[in-house]
Each structure stands twice: as C-alpha cells, then as structure tokens.
Amino acid sequence: MIKKLLFKIFSFFDAVKDFLFQWGIKILVILIGLLVLHNALKIVDLASVGYTGQYKNLQEVYPEDEKYANCYVTGEGSKTVVILPGFGESSPVIEYQTLVRGLSDEYRVAVIEGFGYGYSMSMRKYPRTNENICAEIMKMLDLSGIGGPYVFMAHGQSSIYAMYLAEHYPDYVSGVILLDSFYPKELEDDYRLQKVKDQVANYNYTSIFELTGYERIVSYIHPETFKIDHMRTIPEIYGEEEIKQYRDRIAMSYLSRTMMREINKMQDNARQVMDYKFSAYLPSLQIISSEKEEEFKKDYDSKKSNTNSDILSNELITNPLIQRVTVIEGDHDLEFSNPKGVIEEVKAFLSTF
C-alpha cells in the first residue's frame, strides 16, 4: 500500500518536472520576449515626438527637472470644472470625454493628468503626498492660463485631493463635487480598512506584470476590461483617434511606477484629511453610484462593517442648504455607466451658485 502511494507521488512529481521542462522554458522565453518588446515600444514612444493632437497640453511643472504634466482644457463659461481622475486611470483625458462633452457646452472644463497618468511624465523625485500633488494641480491650472476659483470634481480616491485643496486653497475652490468618492473615514472601520489594504496589495502585485505589457494585448483580445467595447457604442465621442490614443496610453501608463508610489501613500494622505468637513460656505455635491450604495449597505446590514455610504457622506456636511448627497444608477465608472445622470446632477448643482 505504501509503495503504491509513494509510486503515485513520485509519478506526479515526474509529470510536473516533464511539464516544466517542456513548457516552462517556452513560457519563460515568451515572457522575456514580451518584456523586451513592450519596453522597447515604450522607449520608442518616449524618444519620439509622439502624439501632438488636441488632448495633449503639457505644462512644465518642474522646470529645473524638465518635468511636464498634462492639463486638457476645453469649453467656455462662468465656472471652471476641474476633473480629478480616479486612481490608476491610464488616459483620463480620453476616459472622461463623456462628461467633458456634456459639460463644456456651458462651462469651461479641465482634466488633470497628474504625473504618471496619461501623457504626463513619471515622477520619482517628489513623493506623492497631498502637499506635492495639490501644488502640482494648482500650478498646472495656472500655467494653462485658467484663473480660479475652480469647482473640483474628484472621482474615487482623488476625493482626498479635493478635500485637501478645499482646506488649504480655499480662495481657489468655489465648489466640490465628489464622484463615487473614497471617504477617509473608511480607514476607521476595520472591515473597510482591510478592503483598502487588500486592494493596494492587489495593485502592487498586478503592477509587476505590467513589465510584460500584457495589458496591451488584453486591450485587443478582451476590450471590455478597459471599457473599449462601451466606447465603441458612443462613436460621436469615441472615434478611431480616441480609441487608438486610449489603447496607446494603456500600453504606456497602466499602473505606472508613479501610480504605485501614489497608491502606497494613499493611507497616509487619507489620514491627513480624516477629520475634514465641508466649510459651511462651500457648495458641494456628492454623487454615489447605486452599486457602491448597495455594496456598503449589504456589508453594514450583515454587520461586517460599522459604516455605510449614508453615514460617510453625511459626516462631511455642515450646511444642508448648499451641500447635498444623491445616488444615481450605475457602477463606480459612472463616466461610462451613467454619464447622462452625472451631467444632469452636476449642471443642476452648478446652477445654484
């Protein structure tokens, strides 16, 4: 009996060894080939003039280091809406075109691509702290010739920066819109804190594979991963140029090293504005996706979490007359799942002040 068991065990290891010998080297060669090709294409793109179209408007944020970041501006109006993208978005200027086109008929709209995002350069020298990131945002707007004050519309994790801007640059902030926001108070809840830690760990793990350029391939064979299939249903906004540029940015900027430096500072940045509340004189709108509300409610009702989106959003409010919360149908990527709903809510909000 023991001999038979040992024979089966050794047979299994022999099979594994044969597989690794036959396929392991081939897989390794393919991975190395992808790594070399992907990074060679990156070098070629960086060394060339590259894209010079309408979505690229680089500003020299750090002249002494020759570091440029992208600030896309369009539209005219009495108010300026500044979109701060969610974490990890490879091409904010393309991704948020649904909202940009819907708002720029009445307002000036700017999309910030911080260092490591979109057409912007990488950043190692200056840590991804609230202080540095927000100073860079303000400088990009100034260099773009856009006078304040601004209405900051922050998606996801960028809500941290919107809060910091409102607190430290109050004369330049006339309103705040939080779009399916991350709330710093989530870190006070053990369950939500663990979710954040797990997500950060997953980003760090996934970013390792970025070196192979797999996301370049995924954007073609599984376009729904990056919402490209959805883009194709809106040809009046996403033509071939937009989709090509979006794919190029995915290949160049997916979970970039600068993004990873940012996400690894996220908890420290969030704790810095943990006790932030809107000033009683600051108009604000919080738009929460139905997906997020349902997820948080489920975790709260099951007693996994001690907080939900109602509690978190209402803790920020100090003046209900000019500060409100609304839930609209859609998932976290509201710029794709319900741009019309977002635009309607934002325009109604902007008309009140």
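What follows is a chat about a predicted model of a protein chain.

Reader: New here. How many helices and strands does the protein chain have?

Author: The protein chain comes to 15 helices and eight strands. Keep in mind that this is a predicted model.

Reader: What share of the residues is buried?

Author: Buried residues make up 50% of the 353 residues.

Reader: And the contacts? What share joins residues at least 24 apart?

Author: Take contacts between residues at least 6 apart in sequence. Of those, 78% join residues at least 24 apart.

Reader: On to the sheet. What is the strand order?

Author: The order is β1-β2-β4-β3-β5-β6-β7-β8. The sheet is open, has eight strands and shows mixed pairing.

Reader: Which are the edge strands?

Author: β1 (58-62) and β8 (323-328). Each of them pairs on one side only.

Reader: How many degrees is the twist?

Author: The twist averages 25 degrees from one strand to the next.

Reader: Let's look at β6. Parallel or antiparallel to β7?

Author: Parallel. β6 (residues 173-179) and β7 (residues 284-289) pair over four bridges. Across that pairing, Val176 stands opposite Ser284 in β7.

Reader: How many bridges join β5 to β6?

Author: Six, and these two strands run parallel. Val151 stands opposite Gly175 in β6.

Reader: Is β6 buried or exposed, residue by residue?

Author: Six of its seven residues are buried, so β6 is largely enclosed by the rest of the structure.

Reader: Which strands does helix α15 touch when it packs on the sheet?

Author: α15 (residues 339-350) touches β3 (80-84), β5 (150-155), β6, β7 and β8. Its direction makes about 165 degrees with that of β7.

Reader: And α12? What does that one touch?

Author: Helix α12 (residues 290-301) packs on the sheet too, touching β7 and β8. The direction of α12 makes about 75 degrees with that of β7.

Reader: New topic. At what angle do α7 and α9 pack?

Author: About 150 degrees, with their axes 7 Å apart. α7 covers residues 214-221 and α9 covers residues 240-253. That angle makes α7 roughly antiparallel to α9.

Reader: Which residues make the contact?

Author: α7 brings Glu215, Arg216, Ser219 and Tyr220. α9 brings Arg247, Ile250 and Ala251. By class, the contact has three nonpolar, one polar and three charged residues.

Reader: Pick Ser219. Buried or exposed?

Author: Buried. Ser219 sits in helix α7, and its relative accessibility is 1%. It counts as buried because the cut-off is under 20%.

Reader: What does Ser219 touch?

Author: Leaving out residues up to four places away in sequence, Ser219 touches Phe226, Ile228, Arg247 and Ile250.

Reader: Last one, Tyr96. Where does it lie?

Author: In the loop between α2 (92-95) and α3 (97-103). Tyr96 is buried, with a relative accessible area of 0%.

Reader: Which residues is Tyr96 in contact with?

Author: Beyond its neighbours within four places in sequence, Tyr96 contacts Ile83, Pro85, Gly86, Glu89, His155, Tyr238 and Glu335.

Reader: What does its side chain make a polar contact with?

Author: With the side chain of His155, at 2.6 Å. The Tyr96 side chain also reaches the backbone nitrogen of Gly86, at 3.2 Å.

Reader: How many residues apart are Tyr96 and Leu334?

Author: They are 238 residues apart in sequence. In space, Tyr96 and Leu334 are 9.7 Å apart, C-alpha to C-alpha.

Conventions
Residues are numbered from 1 along each chain as its sequence is written. This is a predicted model: local features need pLDDT of at least 70, side-chain atom pairs count only at pLDDT 80 or more; totals for chains, interfaces and linings use all residues. Side-chain values use heavy atoms; hydrogens and water are left out. Axes are lines fitted to C-alpha atoms, for helices over the stretch in contact, and angles run from 0 to 180 degrees between N-to-C directions. Angles under 35 degrees count as roughly parallel, over 145 as roughly antiparallel, 65 to 115 as roughly perpendicular and the rest as oblique. Contact means heavy atoms within 4.5 Å. Ala, Val, Leu, Ile, Met, Phe, Trp, Tyr, Cys and Pro count as nonpolar, Asp, Glu, Lys and Arg as charged, and the others, Gly among them, as polar. Buried means under 20% relative accessible area, exposed over 50%, partly exposed in between (1.4 Å probe, protein chains only). A polar contact is a pair of N or O atoms within 3.5 Å; within protein, one must be able to donate a hydrogen and the other to accept it, and residues adjacent in sequence count only if both atoms are side-chain atoms. Two strands pair if DSSP finds at least two bridges between them.
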